[in-house]
Every structure is written in C-alpha cells, then in structure tokens.
Amino acid sequence: MTTAGERHGSGASPVRPYVLTGGRAATRHGLTVDTLLRATPDGPPLRADAAPQTRALLRLHRGGILTIAESAAYLGLPVSVVMVLAEDLITSDHLHQHAASQFAEINPTLLQEVLDGLERV
Amino acid sequence: MALNESDPGDPDPAGTGPGPGRVEYLSATVDRIAKILVVGAFGTGKTTLVGAVSEIRALHTEETMSEASTGVDDLAGLDHKTTTTVALDFGRITLNDQLVLYLFGTPGQRRFWDMWAGLAQGVAGVLVLVDARRLTDSFEVLGQLEEHGLEPFAVAVNQFPDSPDHPPEALRAALDLLPETPLVYCDARDRASTINALKVLIRHALARATSPTSLTAPGRSQLP
Ligand SMILES: Nc1nc2c(ncn2[C@@H]2O[C@H](COP(=O)(O)OP(=O)(O)O)[C@@H](O)[C@H]2O)c(=O)[nH]1
Ligand SMILES: [Mg+2]
C-alpha cells in the first residue's frame with residue numbers, strides 16, 4: 001500500500017528542516033503532534049520574508065482544522081519542523097489552537113461514547 | 001486500504017505545492033478528540049490497520065530524531081549524535097458530531113520512546129499488533145509498555161497465511177500477558193475485523209475505568 005505521505009512526504013533531506021528552523025526546537029506553546037490548529041480569521045499579513053513552507057502551512061490551515069501530524073503529512077515536512085513553523089505562526093497571531101485541542105479526559109463516560117461510536121461504524 | 005483511492009479530488013486544494021491531494025479537514029463541530037495508539041514491531045500491520053479503518057486517506061509521515069549515542073562511540077570523547085527515522089501513521093474515525101477518534105500507529109521500540117511518550121499522553125488505549133510468526137519481535141514493544149506503565153492495552157494477533165496455529169493460551173503464555181489483558185485475532189486488512197479489535201480494547205479500558213480495584217498490577221505505574 002502506498003499512502004499519500006509515502007509518495008510525497010518522505011523525501012525531506014535533513015538539510016532542509018535545519019534551514020527552515022535554524023536548528024530551533026518547538027518549546028513555546030506546548031504543541032504536540034496531535035494539537036489541532038486553525039487559522040486566525042483575518043490574521044495580519046505574513047512577513048514578506050516568510051518561508052514558502054510557512055506560507056504553505058498557513059494556507060493549509062486557512063482551509064480548516066487539522067492536527068500538526070496531518071499538516072506535516074500534507075506538506076511533506078517532518079513533524080518537528082511543522083511544530084516550529086506553527087509556533088512562529090501562533091506567536092504572530094496567524095494560527096491558534098482549536099478549542100478541542102486538548103485530548104478529552106479519559107473517563108468512563110468518554111470511553112462509553114467511543115465504544116458507542118465504534119459500534120455504529 | 002480503500003478510501004478515496006479512486007477519488008483523486010483536487011490535486012492541490014490548499015495551494016500547498018507538492019500536496020498529496022484533497023485535504024480532509026476536521027469538522028468545526030468537533031469539540032472533543034480521543035486517541036488510540038497502535039504499536040507493534042516492523043511488519044506487524046500497523047500501516048495496514050490504520051489504513052483499513054481510517055475514514056480519511058491514511059497519512060504517513062516520517063520524523064528524524066536525534067539520539068545521543070552511547071557505548072563504545074563515547075570512548076572517543078565526542079558527543080556523537082545519530083539520527084533515526086520514526087514512521088508515524090495516522091487515521092481518523094468520526095464517532096459523532098462532537099467526538100473524533102485519532103489512531104496513531106508507531107513502532108514501539110525503546111529508541112522511539114521519546115516520540116511515543118508525547119503521543120501516549122491522554123490515550124484511551126493502546127492496541128499492540130503481534131505477528132505470531134515472529135513473537136520475539138514483540139517482546140521489546142510489550143516490555144516498553146510495561147516499563148512506562150502505558151495502559152490499558154490489548155493485543156491483536158494478525159493472521160498471516162503461514163501463521164502458526166497457536167491457541168490463545170499458548171500465545172498468552174509466550175507473551176506473558178496478565179489474565180485481564182485482552183487478546184484478539186485480527187486481519188488488519190479488514191475493516192470490520194480491525195474495528196472489532198478496537199472495540200475489544202475500549203471495552204477493556206472501560207472495564208478498568210469502572211472497577212478501580214483491578215487498576216494496576218504491582219510494579220506498574222500510571223503515566224502522570
Ligand atoms: N494476511 C495478512 N497480511 C497482513 C495483515 N496485516 C498486514 N499484512 C501485510 O503485511 C505486510 C506488512 O504490513 P504493514 O502494515 O506495512 O506493517 P507495519 O510495518 O507494521 O506498518 C503488508 O504486506 C501487509 O499487506 C494481516 O492482518 N493479514
Ligand atoms: Mg508501516
């Protein structure tokens with residue numbers, strides 16, 4: 001089976017991420033691979049020197065809500081790079097975390113709801 | 001895997017250049033998300049399983065991790081770093097208008113733990129895929145779950161044409177499973193079979209969550 005990401009996402013050389021992030025790691029907004037992000041409506045214009053990948057990430061999220069892992073796969077970039085780009089875009093108020101961004105607390109009610117949902121699949 | 005294979009959609013909807021096709025966004029009505037980790041040794045069927053159940057075209061990404069090397073390399077007194085590629089498969093199942101289930105498939109070996117630990121926060125459960133032809137490959141994954149107190153988990157034994165005909169008791173003994181840990185046979189290529197394995201896992205999680213006395217065995221700790 002060839003998934004979308006295998007066709008398009010695995011070719012990132014180690015050099016490209018480094019150039020994009022300047023070797024930084026994401027630390028500021030507590031992002032994880034499963035954080036849901038959306039574009040801030042009517043956000044400010046992007047800096048003229050924003051990287052094409054930063055522009056692509058913002059453009060992707062202007063279409064709707066995705067996890068960071070999904071964005072990385074669509075853009076063909078490593079998750080760690082997308083986290084850094086996303087942090088920059090959150091700091092500049094272009095992106096923000098979706099309300100459901102935190103995983104729901106695991107309790108019997110939630111688990112029952114998951115089970116009920118799976119029964120209907 | 002089945003979904004959208006014949007539906008290329010808009011080849012570049014978000015204008016993202018080398019994008020893989022139609023972007024499948026989350027519905028804005030969703031206000032809660034749950035997640036299940038799918039772990040297993042190489043070739044046990046993680047990618048296949050996530051693809052079989054996901055309502056979105058299953059996605060795959062690779063992450064390059066740096067690891068400080070240990071052992072003989074350090075004798076030179078240099079701070080060597082090696083890089084490892086971690087594959088991550090993910091898929092999504094909408095359970096109702098407000099609740100979405102994410103599946104994250106990743107190898108569960110020790111060297112992937114850094115990445116895995118973040119993913120493990122807030123999981124509803126872990127499905128461990130096992131290939132009965134290569135049981136010993138699964139020892140490290142199970143060992144890591146135990147070492148990190150990652151629970152609840154269920155074991156899904158994928159059936160390959162040349163799989164040995166071990167009865168469940170023999171598999172349980174070989175894998176040293178606790179009596180309450182569910183073990184289910186599964187065909188990762190088949191959606192119904194895979195959904196069934198997920199249901200077995202969540203029923204187990206529910207049973208644990210509602211009967212505090214059966215919570216943790218001695219020596220096992222919960223994630224914070
Ligand atoms: N017969 C059978 N084959 C399977 C099953 N699950 C996976 N496979 C096949 O086993 C191979 C490895 O599966 P894959 O999903 O790539 O494993 P991964 O390395 O864990 O992601 C592929 O050729 C699959 O088609 C299963 O349940 N039954
Ligand atoms: Mg795989």
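Before you go on, some ground rules. This is a predicted model, in which local features need pLDDT of at least 70, side-chain atom pairs count only at pLDDT 80 or more, and totals for chains, interfaces and linings use all residues. Residues are numbered from 1 along each chain as its sequence is written, chains are lettered from A and ligands numbered from 1 in the order in which they are written, and side-chain values use heavy atoms, with hydrogens and water left out.

**Stop 1: the sheet in chain A**

Stay in chain A and colour its three strands, which make an open sheet ordered S2-S1-S3 with antiparallel pairing. Strands S2 (66–67) and S3 (95–97) are at the edges with a single partner strand each, so one side of each has no neighbour in the sheet. S1 (residues 36–39) is joined to S2(A) by two bridges. Strands here are DSSP E runs of at least two residues, helices are H or I runs of at least four, and both are numbered from the N terminus. Two strands count as paired if DSSP finds at least two bridges between them.

**Stop 2: the cores**

Now select Leu95(A), Leu37(B), Val126(B), Val128(B) and Val155(B): these have the most contacts inside the largest nonpolar core, which has 60 residues. Helix H5 (residues 79–91) of chain A gives the most to this core, with eight residues. A second, separate core has 33 residues, including Leu118(A) and Ile93(B). A nonpolar core is a set of buried Ala, Val, Leu, Ile, Met, Phe, Trp, Tyr and Cys residues joined through side-chain atoms within 4.5 Å. Buried means under 20% relative accessible area, exposed over 50%, and partly exposed in between, using a 1.4 Å probe and protein chains only.

**Stop 3: chain B, end to end**

You'll find five helices and seven strands, in the pattern β-α-β-β-β-α-β-α-β-α-β-α along the sequence. Of its 224 residues, 51% count as buried.

Next, pick out strands S6 (residues 153–158) and S7 (residues 183–186) of chain B, which run parallel and are joined by four bridges. Between S6(B) and S7(B) the chain passes through helix H4 (residues 168–175), a right-handed β-α-β crossover. Right-handed means that, with the strands pointing away from you, the path from the first strand over the helix to the second runs clockwise. On this pair of strands, Val157(B) stands opposite Tyr185(B).

**Stop 4: Arg133(B)**

Where is Arg133(B)? Look in the loop between strand S5 (125–131) and helix H3 (139–147) of chain B. Arg133(B) counts as partly exposed because its relative accessibility is 34%. Show its side chain: one polar contact, of 2.8 Å, goes to the side chain of Asp131(B), and another, of 2.9 Å, goes to that of Asp162(B). A polar contact is a pair of N or O atoms within 3.5 Å; within protein, one must be able to donate a hydrogen and the other to accept it, and residues adjacent in sequence count only if both atoms are side-chain atoms.

**Stop 5: ligand 1**

Finally, centre on ligand 1. A polar side-chain atom of Lys46(B) is 2.8 Å from one of its oxygen atoms. A polar backbone atom of Thr44(B) is 3.3 Å from an oxygen atom of ligand 1. Turn to Gln159(B) as well, where a backbone N or O atom lies 2.9 Å from a nitrogen atom of ligand 1.
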